[in-house]
Amino acid sequence: MSYTALYRKYRPDQFEDVKGQEHIVTTLKNQIRAGRIGHAYLFCGTRGTGKTTVAKIFARAVNCENPVDGSPCGECPSCKAIAAGTSMNVIEIDAASNNGVENIRQIREEVSYSPAEGRYKVYIIDEVHMLSIGAFNALLKTLEEPPSYVIFILATTESHKIPITILSRCQKYDFRRISIDTIAGRLLDLMKQEQVEVEEKAIRYVAKAADGSMRDALSLLDQCIAFYLGQELTYDRVLDVLGAVDTEVFSRLLRAVLAGNVTEAIRVLEDLIIQGRELGQFVTDFVWYLRNLLLVKGSDQMEDVLDMSSENLALLKEEAQMTESGVIMRYIRVFSELSGQIRYAPQKRVLIEIALIKLCRPAMETTQDALTDRVARLEQQVEQGITVSAARPQGGSGNSGAAGQTSVKKQELPKAIPEDVKKVVKNWRSTIQELPGLIRSYLKYAHLSLGGDNKLLLVFDDDMAYTYIVEGAHKQEIEKMISDQIGREIELQIQQNESGRPFEENYIDLEKIVHMDIEIEDE
């Protein structure tokens, strides 16, 4: 037996099964119960919100021999015939392929014949905005004075293209985008019926990616289940299938941009490309991340508006304090423009890299929001006591080329490496995996060396990583994790490599020494 897609298998056949459109369902049921059925309806809304589904249920309900509270019983011959698609009383027309005057004239001829069985002939015209002007004019007279046994249901995703003469003759119903909570609840129920193990976080991401469309959500979920058939559907697996990016990556990227670190920003993009992420989706999702950041910046009461975990919300609030609203709006503008350009671009990566450089270097643009960004960065540097000076020209005679350089003498090999430090170094990679997301990400770029009093020294080439690790309670959190691992209290020293030279030229590479099992004996 052939497989049936989830969105077809679980298409509602009762009004009660329709989710997220209660305002429409209640009105239609009341009309059926009271016998106040209109002759023409216009269903408007984005894709996958239930327009055609509700139209079919309504067609069954008005012809049902034993309606139950305004809904079709599903058991009478009329209900079964319409559900099977064999009834002559329900005619579905796709206006995208039947949009000419002749097609509408054929309808006008057919409506003169009353139904052989049942009470109403229902015409469901999908994507009605695709009809030509001539076809709309041909439909107009029939819509104005139809026979009492005919009902027209027009469905469209673009109601602004419908002539006002048609709109004025229809009862218009606007189908809303379905909320993430509603979609997620429906998907969880269906997964229980399908006996598929799935994480709630994964379901919520699918619901969010569906953008208010129940049908899109079911199609995306079908795709994810097929890829990991017979396995639990986790959040990470959903991200892999959909080519999406985790929030932690957006946070890393944003902090790189705020620090003006082009190298780190390009490195984040490179990681995404290596992982096979879909770049168009990445651009769209980053715009949404910036939008969430702007909302958090604008108000402290955004927990109910933003659909994210408390951990991610706390991270967003922290980042909101690092920049100004005008700067965030500039980032949104640049990436929104990029979103329109990237769809058909052959070199998507190049366009994204240019956009990231623009964000990191506001001096490249002369717009008002770019100027705001430049001023905000200068103010931040002044607050931090950073002196901004022009770079000196290289070359020339004498010592002028080295005047601005700091000479750093490389440490000498110690006589002995403390055992607790050795233990930390040996287990370093597994230790940092236990830490929270952003700390873990930045610690991947740390070099291990020995500081004063033979203490463990973390050295960072990246200024943003260094700033993040030393601020707040992050250093204490790392020390606690290490102490728990080795069973002894340990104190860390953290430095930034500001010499402009490679780490190996100025520091002892402790990882290399320990992992090569070099034993340094006391003399």
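This is a predicted model: local features need pLDDT of at least 70, side-chain atom pairs count only at pLDDT 80 or more; totals for chains, interfaces and linings use all residues.
Residue numbers start from 1 along each chain as its sequence is written, and side-chain values rest on heavy atoms, with hydrogens and water left out.

**The five-strand sheet**

- An open sheet is built from five strands in the order E2-E3-E4-E1-E5, with parallel pairing. Strands here are DSSP runs of E with at least two residues, helices are runs of H or I with at least four, and both are numbered from the N terminus; two strands pair if DSSP finds at least two bridges between them.
- The edges belong to strand E2 (90–94) and strand E5 (171–174); each has a single partner strand, so one side of each has no neighbour in the sheet.
- On average, neighbouring strands of this sheet are turned by 15 degrees against each other, direction ignored.
- Strand E3 (residues 121–126) and strand E4 (residues 150–156) run parallel and are joined by five bridges. Isoleucine 124 sits opposite isoleucine 153 in E4.
- Helix H2 (residues 22–34) lies across strand E1 (40–44) and E5, at about 145 degrees to E5. For such angles, axes are lines fitted to C-alpha atoms (for helices, over the stretch in contact, meaning heavy atoms within 4.5 Å), and values run from 0 to 180 degrees between N-to-C directions.

- Strand E7 (residues 456–460) has five of its five residues buried, where buried means under 20% relative accessible area with a 1.4 Å probe, protein chains only.
- Leu456, Leu458 and Phe460 are buried on one side of E7, and Leu457 and Val459 on the other.
- In a regular strand, side chains alternate between the two faces of the sheet.
- Strand E6 (residues 446–450) runs antiparallel to E7 through five bridges, and leucine 448 has leucine 458 as its bridge partner.
- E6 and E7 make a hairpin with five residues between them, and aspartate 453 in the turn has a positive phi of about 60 degrees.
- E7 also pairs parallel with strand E8 (residues 492–496) through five bridges, with valine 459 opposite glutamine 495.

Terms used. Buried means under 20% relative accessible area, exposed over 50%, partly exposed in between (1.4 Å probe, protein chains only).
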